[in-house]
Amino acid sequence: MTKLSVNINKFATLRNARGGNNPNIVKVTQDVQRFGANGVTVHPRPDERHIRYQDVLDIAPLIYTEFNIEGYPDKRWLDLVLRVKPTQATLVPDAPNVLTSNAGWNVSENSVFLKEIVDTLQREGIRVSIFVETDLKNIEKVAEIGAKRIELYTEPYARQYAENPQKAVEPYIKAAELAKNIGLEVNAGHDLSLENLAFLKRNIPFLAEVSIGHALICDALYVGLENTIQLYLRQLE
Ligand SMILES: CC(=O)[C@@H](O)[C@H](O)COP(=O)(O)O
Ligand SMILES: NCC(=O)COP(=O)(O)O
């Protein structure tokens with residue numbers, strides 16, 4: 001089974017646009033789970049332009065599915081994750097000013113830094129996933145630093161999909177197969193959508209989890225959140 005973790009950042013973007021509490025992030029958290037999502041993802045950024053650190057504390061007790069906190073592991077983010085103890089922490093190499101995530105880790109260059117964080121989090125029972133591209137040597141390094149999972153950064157897949165789906169997915173199949181063979185579980189995320197998700201799942205049937213925000217929330221504007229979550233779950237059957 002591939003779990004669907006709904007990234008709720010964009011609900012917070014909408015809420016923040018008016019400075020009030022609509023949509024209510026606590027209610028959104030309850031509803032995405034009630035509508036069938038297998039997890040909730042948040043990606044707090046230093047400027048708190050969407051999900052805020054306080055939101056993460058507020059929603060944590062309400063999450064009975066899998067809670068995935070993504071982000072760059074600076075001290076503030078690490079303190080939050082250690083306080084909340086989510087199911088999973090996904091380490092993402094984003095600089096503070098990026099519009100959205102735009103690259104995976106160079107694990108070799110950051111191995112000492114990453115290993116220390118992986119050890120700290122996993123000692124507390126938090127599964128660690130490392131956000132990476134499809135470079136095979138880089139994925140081998142993830143196993144060496146002791147993390148349990150990778151999240152494949154799927155923006156390049158999504159971009160190429162319309163033109164040539166098979167060519168787009170090929171490096172992801174190779175990367176996922178290698179990861180599986182060396183004992184890593186495989187997540188995927190970024191720009192996954194109703195258009196490209198089923199094909200990815202068909203080609204990598206052992207995907208453990210996909211985290212989806214932007215496209216899912218855009219679809220929900222048209223067909224509603226409950227219908228949309230059901231549609232995404234169907235792509236993963
Ligand atoms: C790591 C990743 O791909 C997602 O967390 C994505 O970056 C969402 O972040 P934004 O909602 O800030 O675009
Ligand atoms: N890890 C990817 C994620 O949480 C959502 O990315 P996107 O669907 O908003 O591009």
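Reply: Happy to! Let's begin with Tyr153, which has a relative accessible area of 4% and is therefore buried, since the cut-off for that label is under 20%. Please keep in mind that this is a predicted model. Tyr153 belongs to strand β6, which covers residues 149-153. What surrounds this side of the strand? Setting aside neighbours within four places in sequence, Tyr153 is in contact with Ser101, Asn102, Ala103 and Gly104, with Phe131, Val132 and Glu133, and with Tyr172, Gly189 and His190. For a sense of distance, the C-alpha atom of Tyr153 is separated by 15 Å from that of Ala215, and the two residues lie 62 residues apart along the chain.

Helix α6 (residues 136-144) and helix α8 (residues 165-181) have axes that come within 10 Å and cross at roughly 25 degrees. The two helices, α6 and α8, are therefore roughly parallel to each other, and their crossing is right-handed. On the α6 side the meeting residues are Leu136, Ile139 and Glu140, and on the α8 side they are Lys174, Ala175, Leu178 and Ala179. Sorted by class, the residues of this contact are five nonpolar, no polar and two charged.

Another helix pair is worth a visit. The axes of α4 (residues 75-84) and α5 (residues 111-123) also come within 10 Å, crossing at roughly 20 degrees. That makes α4 and α5 roughly parallel to each other, too, and α4 passes α5 in a right-handed crossing. Here Leu78, Val81 and Leu82 of α4 meet Ile117, Thr120 and Leu121 of α5. By class, this contact has five nonpolar residues, one polar residue and no charged ones.

How is α4 itself oriented? Its buried residues are Trp77, Leu78, Leu80, Val81 and Val84. Viewed down the axis of α4, these residues fall within an arc of 160 degrees, so they line one face of the helix. The general rule is that an α-helix has 3.6 residues a turn, so residues three or four places apart point the same way. The buried residues of α4 pack against α3 (53-59), β3 (66-71), β4 (88-91) and α5. After α4 comes Lys85, whose phi is positive, near 50 degrees.

Helix α11 (residues 225-235) can be read in a similar way. Leu225, Thr228, Ile229, Tyr232, Leu233 and Gln235 are buried there. They cover an arc of only 155 degrees around the axis, which puts them on the same side of α11. What covers these buried residues includes β1 (3-7), α1 (9-18) and α2 (25-34), together with α9 (197-203), β8 (209-212) and α10 (214-223).

Is Gln33 buried or exposed? With 5% relative accessibility, Gln33 counts as buried. Beyond the neighbours within four places in sequence, Gln33 is in contact with Val40, Leu62, Ile63, Tyr64 and Thr65.

How values were computed: Residues numbered from 1 in each chain as written. Chains lettered and ligands numbered in written order. Predicted model: local features only at pLDDT ≥ 70, side-chain atom pairs only at ≥ 80, totals over all residues. Heavy atoms only, no water. Axes fitted to C-alpha atoms, helices over the stretch in contact; angles between N-to-C directions. Helix = DSSP H or I, 4+ residues; strand = E, 2+ residues; numbered from the N terminus. Parallel < 35°, antiparallel > 145°, perpendicular 65-115°, else oblique. Left-handed = near helix turned anticlockwise from the far one by under 90°. Contact = heavy atoms within 4.5 Å. Nonpolar A, V, L, I, M, F, W, Y, C, P; charged D, E, K, R; others polar. Buried < 20%, exposed > 50% of the residue type's maximum accessible area, 1.4 Å probe, protein only. Arc of directions from axis to C-beta.
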